[in-house]
Amino acid sequence: MSITVRAPAKINLHLGVGAVRADGFHPLDTVYQAIGLYDDLTVRSDKGWGIDVRAAAYVASGALPPPGLNIVDRAARLLADLHGLDPVGAVDIYKDIPVAGGMAGGSADAAAALVALDRLWQAGTSDDDLLRLAAALGSDVPFALLGGSAHGTGRGEVVRQVPDAGTWWWVLVPSAEGLSTPEVYRRFDALNDDPDPLPLSSTVVLAALAAGDPHALAAALHNDLQAAALDLRPDLGDLLEAGERAGALRGLVSGSGPTVVFLAESSAAAREVAGRLAEDVAVVLVANGPVAGAHVVPEVGTSWPT
Ligand code: ATP
């Protein structure tokens, strides 16, 4: 038996970051959107445990951790422990989401693994337990299960879906090399010597999503980590300007970067912006959102799962 689960990349339409807490985490007020760029994870029954990773040419898969340390290894152990099972199976991951790109590709794989292995092992894990395991694996993993557009609080792991009247068109420019999320937070701390303990509220972005107005959303997009990411990667500043010159309504660093995302007015406008950027930039992608969270992909010739 083989089961394939597809999980989306995320972008943060608002990322408010408060002062670092005693436990080392920063409190966040964030708005996530799941967009149509995916990792696919297939699991098959096996006597042992193994993970094989393949990736699109633009994904720096060399930056992935060695066997045993993939976030999917941790997801399998947590789920198996919950049910008193042996973590067995053969896992194939195909990555289209950049590694260390600020798009939560590892979190997507972890969410996909929880859903796929739960089916493979016929474990019948409740939604509440899946969300609890997801939060233990990482701040962005609960959102990767949920998908859509969502408000995140806590360290990002407390998520609730929010009204979204739009189909939003994004042009994405990944970088050949990733940025370490902890390093970006350290730079954020260094640049902000007297930060507000409370993160900036995302009310304006939430209102723009509910209204479905791309111009309002463009004006509202906000990322408190952008200055830190630009400090580490000044070239991203030129890229942001180039995208806006190419016709994007607004450019933004995605999460901790270095992927840069541009909001376009329509699908046709996104293709135009992408075409202009592609004259100077090696890899340009177009995706829309919101899309579903981690979900089983039906085998060819079968009907959709109910
Ligand atoms: P986030 O936006 O959630 O901070 P990111 O998109 O910047 O994350 P990821 O690609 O999720 O970055 O990876 C973060 C780190 O996790 C990488 O440095 C990588 O070594 C490690 N990692 C472990 N497993 C995976 C995986 N399956 N895919 C990607 N990275 C993984």
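**Exercise 1. Determine how α1 and α2 pack in this predicted model, and which residues make the contact.**

Step 1. The axes of α1 and α2 lie 9 Å apart, and the packing angle is about 35°.

Step 2. The two helices cross in a right-handed sense.

Step 3. On the α1 side, the contact is formed by Ile71, Val72, Ala75, Ala76 and Leu79. The α2 side contributes Gly106, Asp109, Ala110, Ala113, Leu114, Leu117 and Asp118.

**Exercise 2. Describe the packing of α1 against α3 and classify the angle.**

Step 1. Helix α1 covers residues 71-83 and helix α3 covers residues 127-137; their axes are 10 Å apart, at an angle of about 140°.

Step 2. Angles over 145 degrees count as roughly antiparallel, 65 to 115 as roughly perpendicular. The angle of about 140° therefore makes α1 oblique to α3.

Step 3. The crossing of α1 and α3 is right-handed.

Step 4. From α1, the residues involved are Ile71, Arg74, Ala75, Leu78, Leu79 and Leu82. Their partners in α3 are Asp129, Arg132, Leu133, Ala136 and Leu137.

**Exercise 3. Identify the residues of the largest nonpolar core that touch the most other members, and examine the contacts of Leu172.**

Step 1. The largest nonpolar core holds 62 residues, of which Leu13, Leu41, Trp170, Leu172 and Leu217 touch the most other members.

Step 2. Helix α2, residues 105-120, supplies the largest share of this core, with ten residues.

Step 3. Another core, of 28 residues, lies apart from the largest one; Val17, Leu179, Ala246 and Ala270 are among its members.

Step 4. For Leu172, neighbours within four places in sequence are set aside. Leu172 is then in contact with Ile35, Leu37, Met103, Val260, Val261, Val283, Val284, Leu285 and Ala287.

Definitions and conventions: Residues are numbered from 1 along each chain as its sequence is written. This is a predicted model: local features need pLDDT of at least 70, side-chain atom pairs count only at pLDDT 80 or more; totals for chains, interfaces and linings use all residues. Side-chain values use heavy atoms; hydrogens and water are left out. A nonpolar core is a set of buried Ala, Val, Leu, Ile, Met, Phe, Trp, Tyr and Cys residues joined through side-chain atoms within 4.5 Å. Buried means under 20% relative accessible area, exposed over 50%, partly exposed in between (1.4 Å probe, protein chains only). Helices (H or I, at least four residues) and strands (E, at least two) are DSSP runs, numbered from the N terminus. Contact means heavy atoms within 4.5 Å. Axes are lines fitted to C-alpha atoms, for helices over the stretch in contact, and angles run from 0 to 180 degrees between N-to-C directions. Angles under 35 degrees count as roughly parallel, over 145 as roughly antiparallel, 65 to 115 as roughly perpendicular and the rest as oblique. A crossing is left-handed if the near helix is turned anticlockwise from the far one by less than a right angle, and right-handed if clockwise.
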